[in-house]
Amino acid sequence: MYSAVLATALTGLTIVNAQAPGAPLPVPGVTGQLGDATIVDDNLAGVTYTAFLPNSTTSDLRGFVAGTSNSNGTGVNFAISVSGFPDSSLGPFMYHIHDQPVPANGNCTATLAHLDPYVRGEKPPCDPVHPETCQSGDLSGKHGNVTGDPFNTAFLDLYLSTHQGPASFFGNRSIVFHTSNATRLTCANFTLTSGNSTSSNGTSSSGNGTVVGSTPPAPFTGGAATAFVSAGAIVAGLAVFLL
């Protein structure tokens, strides 16, 4: 499944200005209150967390977002395949890892804001040329907004963890897709779909998607943001998949 996504990304990706008209420009060098994000280099190889978008009566969006630890332990390779976006006038559409999981009632608002362990906040928008200064969960800010329907892309993110324990761990969190005005279209929880992940306190996860000893993460601050597509990030991600 993921190889098909990569093939589509290699043949169909285009670099476009995906910023909404009139939106504020990124400001280079803006960092979080706790500094810049650090590169994660201790991910266990072969660990994949996948968020499958639900069959919802309120959204036509369907597909998945999968994050797999890089073979050398540095960063996470993401593969995204989603279709069913509403009218393009509501875009550009954005997607982020949010701090909290989706509750049983499916309320996307309960996922709170972006994953933001360095307390950067949503403004000014993420500068994709300096992804270490962006919110950790701002995937579209770092790697590009949705550019078509269906939307297929692949990239390497250096600042997220598949290892339980660090604040950059996303396996117990959620993905949320937004319109350009930050309206939440749909959301889904990440679950373990491959490999093993062990936390610093000894709890573990198994490949059947069950997380043992995991509790919802403590909230961080953040929010929705709009940004440019990062050409360098996409090229780096595709290069890693080809290694």
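Helices (H or I, at least four residues) and strands (E, at least two residues) are DSSP runs, numbered here from the N terminus. The model is a predicted one, in which local features need pLDDT of at least 70 and side-chain atom pairs count only at pLDDT 80 or more, while totals for chains, interfaces and linings use all residues. Residues are numbered from 1 along each chain as its sequence is written, and side-chain values use heavy atoms, with hydrogens and water left out. An open sheet of 7 strands with antiparallel pairing runs through the points below, together with a largest nonpolar core of 28 residues.

**The sheet and its pairing**

- The open sheet has 7 strands in the order E4-E6-E7-E1-E2-E3-E5, with antiparallel pairing, where two strands are said to pair if DSSP finds at least two bridges between them.
- E4 and E5 are the edge strands of this sheet, each of them pairing on one side only.
- Neighbouring strands of the sheet are turned against each other by 20° on average, direction ignored; the axes behind this value are lines fitted to C-alpha atoms, for helices over the stretch in contact, and angles run from 0 to 180 degrees between N-to-C directions.
- Strand E2 (residues 62–69) is joined to E3 by 8 bridges, and the two run antiparallel; within this pair, Thr 68 has Asn 77 of E3 as its bridge partner.

**Strand E1 and Thr 48**

- E1 is mostly covered, since 4 of its 5 residues are buried, where buried means under 20% relative accessible area, exposed means over 50% and partly exposed lies in between (1.4 Å probe, protein chains only).
- On one side, E1 is joined antiparallel to E2 by 5 bridges, with Gly 67 in E2 as the bridge partner of Tyr 49.
- E1 also runs antiparallel to E7, to which 4 bridges join it, and here the bridge partner of Thr 48 is Ser 194 in E7.
- Thr 48 lies in strand E1 (residues 48–52) and is buried, with a relative accessible area of 5%.
- The side chains of Thr 48 and Thr 68 are joined by a polar contact of 2.7 Å; such a contact is a pair of N or O atoms within 3.5 Å, of which, within protein, one must be able to donate a hydrogen and the other to accept it, and residues adjacent in sequence count only if both atoms are side-chain atoms.

- E4 is largely enclosed by the rest of the structure, because 5 of its 5 residues are buried.
- Both faces of E4 are covered, with Met 94, His 96 and His 98 buried on one side and Tyr 95 and Ile 97 buried on the other.
- E4 pairs with E6 in the antiparallel sense over 5 bridges, and Ile 97 stands opposite Ile 175 in E6.

- Leaving aside residues up to four places away in sequence, Ile 175 touches several residues, among them Ala 51, Val 65, Ile 97, Leu 139 and Phe 190, where contact means heavy atoms within 4.5 Å.
- Leu 185, found in strand E7 (residues 184–194), touches residues including Leu 61, Pro 86, Phe 93 and Phe 177, again not counting those up to four places away in sequence.
- Leu 185 and Tyr 95 are 90 residues apart in sequence, with a C-alpha to C-alpha distance of 9.8 Å in space.

**Backbone features in the loops**

- Most residues other than glycine have a negative phi, and most peptide bonds are trans.
- Gly 91 and Pro 92 are joined by a cis peptide bond with omega about 5°, and Pro 92 is found in the loop between E3 and E4.
- A cis peptide bond also leads from Asp 149 to Pro 150, with omega near 5°; Pro 150 is found in the loop between helix H2 (139–143) and E5.
- Ala 182, in the loop between E6 and E7, has a positive phi near 80° and is partly exposed, with a relative accessible area of 32%.

Methods. Core = buried A, V, L, I, M, F, W, Y, C linked by side-chain atoms within 4.5 Å.
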